[in-house]
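The following exercises are to be worked with the sequence and the coordinates at hand. Each task is followed by a solution in steps.

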Amino acid sequence: MEIPLTLSEESLNVIYGVMLKSAQEAFSEVVQRQKYPRYMTIKNASGYAGVAVNTFKKEFINKGLRVIDPDGLKRIDKNDIDEFMENMKF
């Protein structure tokens, strides 16, 4: 079913601007997240999560985020961060 709708040029420009800004923000976030490898140091992982290292340790690792520790080389799986953050949603 089609609903006929006529918009002014000004309204179309506003809609276009909002959609363009939204797309640019989404692409920017994707590019930013792709800068990080799958397995990261704690410092890189905190940057990926967007928090300070101390906050990452206190609010992520101390609250259950898994750490990979081969021979003392602590690494965090990017997928685990995403899952951890998803589970923290309320």
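Helices (H or I, at least four residues) and strands (E, at least two) are DSSP runs, numbered from the N terminus. The model is predicted: local features need pLDDT of at least 70, side-chain atom pairs count only at pLDDT 80 or more, and totals for chains, interfaces and linings use all residues. Residues are numbered from 1 along each chain as its sequence is written, and side-chain values use heavy atoms, with hydrogens and water left out.

**Exercise 1.** Determine the surroundings of aspartate 77.

*Solution.*
Step 1. Aspartate 77 belongs to strand β2, which covers residues 76-77.
Step 2. Its relative accessible area is 6%. Buried means under 20%, exposed over 50%, and partly exposed in between (1.4 Å probe, protein chains only), so aspartate 77 counts as buried.
Step 3. Contact means heavy atoms within 4.5 Å. Not counting residues up to four places away in sequence, aspartate 77 touches Arg38, Tyr39 and Ile68.
Step 4. With arginine 38 there is a polar contact between the two side chains, at 2.9 Å. Such a contact is a pair of N or O atoms within 3.5 Å; within protein, one must be able to donate a hydrogen and the other to accept it, and residues adjacent in sequence count only if both atoms are side-chain atoms.

**Exercise 2.** Locate threonine 41 and describe its partners.

*Solution.*
Step 1. Threonine 41 sits in the loop between β1 (39-40) and α2.
Step 2. With a relative accessible area of 28%, threonine 41 is partly exposed.
Step 3. A polar atom of its side chain lies 3.1 Å from the backbone nitrogen of asparagine 44.
Step 4. Neighbours within four places in sequence aside, threonine 41 is in contact with Lys74 and Arg75. Leucine 73, 32 residues away in sequence, is 8.2 Å from threonine 41, C-alpha to C-alpha.

**Exercise 3.** Which residues of helix α2 are buried, and how are they arranged around its axis?

*Solution.*
Step 1. In α2 (residues 42-49) the buried residues are Ile42, Ala45, Ser46, Tyr48 and Ala49.
Step 2. Viewed down the axis of α2, they fall within an arc of 160 degrees, so they line one face of the helix. The arc is that of the directions from the helix axis to the C-beta atoms.
Step 3. An α-helix has 3.6 residues a turn, so residues three or four places apart point the same way.
Step 4. Just after α2, glycine 50 adopts a positive phi of about 80 degrees.
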